[in-house]
Every structure is written in C-alpha cells, then in structure tokens.
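Please study the sequence and the structure before reading each solution.

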Amino acid sequence: MSAQKEPRRLRLNAFTMNVVSHIVQGQWTREDTRQREYNTLAPWVELAQILERGKFDAIFLADVVGAYDSYNGNRDASVRNAVQFPVNDPSALIPALAMVTENLGFAFTLSILQEHPFSFARRASTLDHITGGRIAWNIVTSYLENAARNLGFDTLPLHDNRYVRGSEYMEVLYKLWEASWEDDAVVIDRERGVYADPAKVHTIDHVGEFYDVVGPHLCEPSPQRTPVLFQAGSSESGREFAARHAEATFISARNIRGAAANVEDLRRRATAYGRNPHDILVFQGLTIITGGTEEEARVKEREVLDRLSDEGTFAVVSGWLGVDLSAFDPDEPIGQIRTNAQQGMIRALAEAAPDQTWRFGDLIKTIATTFHVGSVDQIADELERWQTEADIDGINLTYTTTPGSFEDFVDGVVPILQDRGLAQREYAPGTLREKLVGSGPRINERHPAAGHRRSDPALAA
C-alpha cells in the first residue's frame, strides 16, 4: 500500500479594512463589535495579537479611494450606512501592528491609479524594512468612478486599459526594487566613511506610455526587495494579469465548483507564462460563522441577519458592479452584463452554476448572505473540502463582528485544522515570502521581476 499523502496546510489571512463597515453591512450597530473604534489603535492591536496567537499568515487590509455613489445615483446610502466610508489609509496601521507581533504578515491594498510607482516603491520598501520583511501588496486597478475623479482622471479608465497601465506600473517597480541597487551596493565601511558604493547604485531610465522614471530607487534593498504580490482581479484581464504577476490571488467564488474552475484557469494561465502552476497561491474569501455547536452558530447567524442593512448591501454591490441596482427588477436576468467596474463578480456566478440563469436578486442575495455556518468541526470539514476539491491554498476570512469572528475561528476551528495537519502550529522562520512559500526571501526566478536583476547573467552580458 502506498503511503498516505501529507495534507497541504491552508494559509490563513484575516480580511479586513480600516473602516466602520467592510463587507457585511449593518453590523457596526451591534454592541459586540469594535468596528466603531476603527480610527483608534487599540482594536487593531488586539486583532493582530489574536491572529498571531492563531498562527495566521497575514492580516489582509482592503482599501478604496472613493465613495460608493452608484446606488440611487448618489452617495447618501453609503454615508448613512458607513459603507466603506469613512475610510482611513490601511498602510498607516502597519508599523504599530508590527511592534506588537513577531511573525504576522501585512498585506495592504493600494491602487495603481493612486500613487506614482516611484513614490510607491519607496513606501513599500520602507514598510518591508521596518517590519523585517513581512510586507505584501495587493495590486488593484480601482473600480469606482469617484476614485478616478479624485485622482485627477476625467473618468475611470476603461477596465482593460487599467490593466495595460498596471503592467507598465509593475515594470517600473521591478526595475526599482530589483535592478537599481546591486546586492553588494551597501558596504557600511566606517573606516573609509563609505555607506554605499556609487558604482553599484543605478538609474533605471524607464520611458514608457504612462511613466517616465529615471531613478535610482531611494531605498536600499529591503529584506524581500519586491514585497509578496497579491492580486484580486477575476475578470479576463485580471486573470491574465495575475497569471503573469501575482504570487497570490484572492478569489470570491460562490461555491466549491466555481472556485475549482477559477483555480484551474489561473494555473493554466500561469503555465502559459512559463511559471509553475503552483507559483500562484489562491486564497478564497469566506465569511464564517461558527460556534461550539451548529445551533450556537445558527443563533449567531440570526443575530447577523437581524442587523443586516439592505440599503447598505445594495450600495456596496452597486459600487462593485458600477451599476445602480435601484434601477433593476430583482427578477431581471443578469445576462451578459459588462461594466467598467468589477467584471469578475459576474464571472464568478457563471462558474458557480454555468447552466443557471442568474437574476439581480440572486446576485444581491449571494453577496449579502453567503455565510458558511456550522460548528467548529463542521467548518473544519468544509474547509478541508474547499482545499481538496477546489485546490485552494488558503482563505481570506471575512468578519461579521471584529474581533469576535476572528476569535471564534482562532479558538475553535484552528486547533482542529492543526490536528489534521491543515494549519501551522508554529511559524517558519524568515520573511513573509519564506513563511508562505517556503523558498528564499526573494521572488522566484520564474517571475518577471527576476528578469530585471543585475546579477542575472542575461543582464550582465
């Protein structure tokens, strides 16, 4: 008899945002959540320490740079329900949270429309330095019309064009992070009074369609140089971008069937770019409600549904789709709708049930109430099925209350996953990339960033 295959561990991220109300709307009104304290440090410190106790890989910080103003043609519902508004800078939390943790990673979101790549390269390198190499960046291209106007654009660039811009953005970053400083440029020679060798610090002289950047990079090489690269697009263009650039991607499949189709597609595309199909770690977003028994979990679910804001839900989904859902009949088929906002959400519905005609009411319901509810053992069983049947590598755990949702998972589900070999009991040493992937601190040689290294023989020739 052949030996039983060792289970792969699930990577665990906590999915949150520096806002009052993130995904599940209306819960900020409850007494048992710290969402209203989002603009103070104490709840974030508490959360980071809970996650590290549960051996989570990272806290994944979402972000937007505009208001949700599609629903009813204005932002009133979003302001009234605190739908990702007000919103604070997620990266500003990281230094404080790094001080109270030793191993937890920090993935933060920043749009390519939001900051020039030269400035962003310095921001990311600085954070990687001061955290000892625990930084990941979630690459997004923005989907809110209001965000584009806030950032100096007349209108939101077309969906596919945003990814064209994104590809050049990445090229500039790779040149700054990987090519500007040679590995031995920093000498710190106190006797000669030489900190760095000028001959080993280089300009990048990038001239492109969207960016002209001379360089050199302002920061010396950080522990990872290039931070771990997350990406969350599920549209056709988004998946192509992920296949080329992402080390990890965040999907929001409606069910295991849909996730399996998404994962298979991503791995096929990665292979076409000369990468290993498992060079991309796939994280499924899940909202989990759990308790010691199923009945206890169902009571918690009813408490969530009692506070669920329909108006807030319509406002956030309208923003994601870039359409005013108040103008549609819930029974109207979605059909082949294409928008300039997030196209991956519609594709996720099709992959979840390719023979079903989805209606707008279905879409809103799946966003609002797709909760995974059960006892801690039932949730562990379900996560094992997601990994086995969909080939996912990890989950992004969404909360209904914070830190309560995360604490329930850490104290109840994580020990069961650990007993099954599906969750780590201790952190591996090294940077976030080393902990997640098990390789070295630098991005692997199959990734396009590696092609810009000056130590690469092709560049030295």
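Helices (H or I, at least four residues) and strands (E, at least two) are DSSP runs, numbered from the N terminus. This is a predicted model, in which local features need pLDDT of at least 70, side-chain atom pairs count only at pLDDT 80 or more, and totals for chains, interfaces and linings use all residues. Residues are numbered from 1 along each chain as its sequence is written, and side-chain values use heavy atoms, with hydrogens and water left out.

**Exercise 1.** Determine which elements supply at least two residues each to the lining of the second largest cavity.

*Solution.* 
Step 1. A cavity is a set of points on a 1 Å grid over the protein atoms alone where a 1.4 Å probe fits but cannot get out; lining residues have an atom within 4 Å of a point.
Step 2. The lining of the second largest cavity includes T16, M17, P43, W44 and L47.
Step 3. Of the elements, α1 gives the most, with 3 residues.

**Exercise 2.** State whether M170 is buried or exposed, and identify the residues that M170 touches.

*Solution.* 
Step 1. Locate the residue: M170 is found in helix α6 (residues 159-179).
Step 2. Buried means under 20% relative accessible area, exposed over 50%, partly exposed in between (1.4 Å probe, protein chains only). M170 counts as buried because its relative accessibility is 0%.
Step 3. Contact means heavy atoms within 4.5 Å. Not counting residues up to four places away in sequence, M170 touches W137, I139, L229, F241 and H245.

Note on methods. 1 Å grid on protein atoms, 1.4 Å probe; cavity = no way out; pocket = protein on both sides within 12 Å on 5 of 7 lines; lining within 4 Å.
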